Amino acid sequence: MKELPRRARAVVIGGGIVGCSTAYHLAKLGWTDTVLLERHKLTSGTTFHAAGLVGQLRTSANITQLLGYSVELYRTLEAETGLATGWKMNGGLRLACNEERWAEVRRQATTARSFGLEMQLLTPKEAQELWPLMTIDDLVGAAFLPTDGQANPSDITQALARGATMAGASIFEDVEVTDLDIGEGRIRAVVTTRGRIECERVVVCAGQWTRAFAARFGVNVPLVPMEHQYLVTEPFGVPSNLPTLRDPDRLTYYKEEVGGLVMGGYEPNPVPWAVDGIPEGFHFSLLNPDLDRFEQIMEQALGRVPALETAGVKQLLNGPESFTPDGNFILGEAPGLRNFFVGAGFNAFGIASGGGAGMALAEWVAKGEPPFDLWPVDIRRFGRPHFDADWIRRRTVEAYGKHYTMAWPSEEHSSARPFRTSPLYDRLKAQGACFGEKLGWERPNWFADLQAGEAPRDVYTYGRPNWFSAVAREHRAVREAAAVFDQTSFAKYSLKGRDAEKALSWIASNDVAGAPGSVVYTQMLNDHGGIECDLTTARLAEDEYYIVTGTGFATHDFDWIARNIPEGLDATLEDVTEGHSVLVLTGPASRAVLQKVCDDDLSNAAFPYSTVRTITVAGRAVRAIRISYSGELGWELHLPMADAPAVYDALMAAGRTDGLANAGYRALETCRLEKGYRFWGIDVGPDHTPIEAGLGFAVRRGGAADFRGRAAIERQRLEGVKKMLVCLVPEDPAVLLLGRETIYRDGKRAGWLTSGGFGHTIGRSIGLGYVRNPDGVDRAHVLSGRYELDVGGQRFACWPHLAPLHDPQGKRLRS
């Protein structure tokens, strides 16, 4: 028996496709002392029973790129290793059976073009020519992606394992990891049934076992094993080149296998598995088929493929698959535990993701950062609700049940709510608030006019939604009078200590060394100049800063700041989110409203823009920050949770004659688009620098003090950039933009929209997106082009803008 090494640079735990892919890519990066440990046999967890469809298109360009990498790897892996993989690039079909689904598919085709994928829109007859086994009576149309395909999950995993060992990695089966040796927040060694291995990094790719294993070491991995069933028929003459087929309106998928079909689906009443823990000895194991639950899938399939009625059934498989609350998988280094990496929760597309996920994880491990922005799958996207097992289970059941339902614009989850509420929740609900949810927080999206008979309920569509007129009302209140937004869900941190200024000056790219009372909008950059955080800092004292960032970035931004405080400095970061409610009062009448309930001088001279003061509102002490995301005069009012109702009531009473209104997040979105304000994770992120994003004004110039990313920014300022964020406005006011529409400049594809929405002041849709050119982009290049946007397969002329559409000089904000 081969002896375990006593030391390794990295230890990968789990021998499924993602673990083997990670070991393969680490070895290719030169980490030849990588060790992979599998407690039973390779593929014995869930990989062996995966269906093996490989699709590429996702709503994120980078996740699409990651899946595209899988395809490229699978095309060459057999030649490299000598092991068959079962890879076939036979293409993938997606059907549409109604007009709304057809609108979704057309939008998906636009997204594919934006991301550089070929996706053809077909008539029902053209689709049937590619897939002659199906009936097409109910079809409206279909889309075909020629580079999709299918693979044999076990074979491709074995090929990756062979490739890993060929490159120098070591793989050991029948070795269980029983413990980790952790000291001072870092990995020291793994302890196994065959001894101890000292190591620098651990990568946990243990599938459905990952959550329980990681939890032992304080790492939260929110996933749930869900029962998933599919049927394998006997051969009945199915052509070997048949594309994979997804029929989402019938909740089913198909692929050819040895002259027969594999058919499975995603039922609306799914069942979580192993609620009380995964049984011991569960490997190469399946669950008992649930015929009653599968019957609904079978009925749908027979309507599409009548030949299934007489085809022999070889097997009905029921196997657990790891699903997550948002349907995206989980990658990255765990917040709070250095050198502990996770790759898990692949939502039944682990084979499609395996090659790219292993590549990304390996680069993350070896280089300390992912190869590109992976925020949609980053483990730091989770927060407080994801520690609650019941919340995770209920939300994951919903996510599984929606796997093939319509992906509506602005769609909200309905399960596991409410979980976290602001002190104003009941008041706002009584006034017609239609709530959305982010990171467990209930947040008002828009307000129905209850007296006019409006119902506070979202009706989803790819056309103009039912909340359009309500959001327009709120938008007008912001621009013409005043509005109150409940933004209690903001993430808030306190940075304290003798060296707080020194620490923050290294992490932040803007100048945060101002006197107490100063407020600074800043980015926090990586070494490439990419934007890791986009937030506001308020200096409260010489040794204290108050930092405010977006709700969804609570874990991510805290982790980034904490990790980047230089060693040896006296600076302590604390999350104080739960202690503070936030009311945002904004609009041209906001000063008049606030002054009615505040004795402090709120004049522009006494309380200028970008400053923070403690004032008294309705007898309560309030930390007032004069800043606004709407582009109007306004304040963020930060106050103890218990004081929020009294302050809110006082403001609403005082503002009655000034036109003060409630407003929600959808109105805030329309206002920020008119101002061209960027949103982290959508418009800006680690792949975008402030220079590319038009945020160079928020980055320090000159001076002796260094900050992270400075060299990259100075290089871009000197050499120029190859992409630039641009605002595009369609000439046709009827065009609806949602984001990911393809940008054409002078007839050539030049990028895609990151954001899209409607500007109620200008009366048109607004898009933000990067115009790209390998030879360089500057203002002259941007403004000299003739632009069109592809929206669902149609091109529409549009105007480019580099200045904000509303109040470009920022006079209203600073008045």
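1. The buried residues of helix α12 are covered by elements that include β22 (491-496), β23 (519-525), β24 (531-541), β25 (544-549) and α13 (554-564); contact here means heavy atoms within 4.5 Å. Within α12 (residues 500-507), Ala 500, Ala 503, Leu 504, Ser 505 and Ile 507 are buried, that is, under 20% relative accessible area with a 1.4 Å probe, protein chains only. Helices (H or I, at least four residues) and strands (E, at least two) are DSSP runs, numbered from the N terminus.

2. A note on the source: this is a predicted model, where local features need pLDDT of at least 70, side-chain atom pairs count only at pLDDT 80 or more, and totals for chains, interfaces and linings use all residues. Residues are numbered from 1 along each chain as its sequence is written, and side-chain values use heavy atoms, leaving out hydrogens and water.

3. Now to the helix pair: α1 (residues 17-28) packs on α2 (residues 61-81) at an angle of about 75°, their axes 14 Å apart. Axes are lines fitted to C-alpha atoms, for helices over the stretch in contact, and angles run from 0 to 180 degrees between N-to-C directions. The two helices are therefore roughly perpendicular, a label for 65 to 115 degrees.

4. On the α1 side, Ile 17, Tyr 24, His 25 and Lys 28 meet Tyr 69, Leu 73, Tyr 74, Leu 77 and Glu 80 of α2.

5. Have a look at the barrel too: 6 strands close in the order β32-β35-β34-β33-β36-β37, with antiparallel pairing. The twist from one strand to the next averages 40°. Strands pair if DSSP finds at least two bridges between them; β33 (residues 742-745) and β36 (residues 787-791) have 4, in the antiparallel sense. Thr 742 has Asp 790 as its bridge partner in β36.

Conventions: Buried means under 20% relative accessible area, exposed over 50%, partly exposed in between (1.4 Å probe, protein chains only). Angles under 35 degrees count as roughly parallel, over 145 as roughly antiparallel, 65 to 115 as roughly perpendicular and the rest as oblique.
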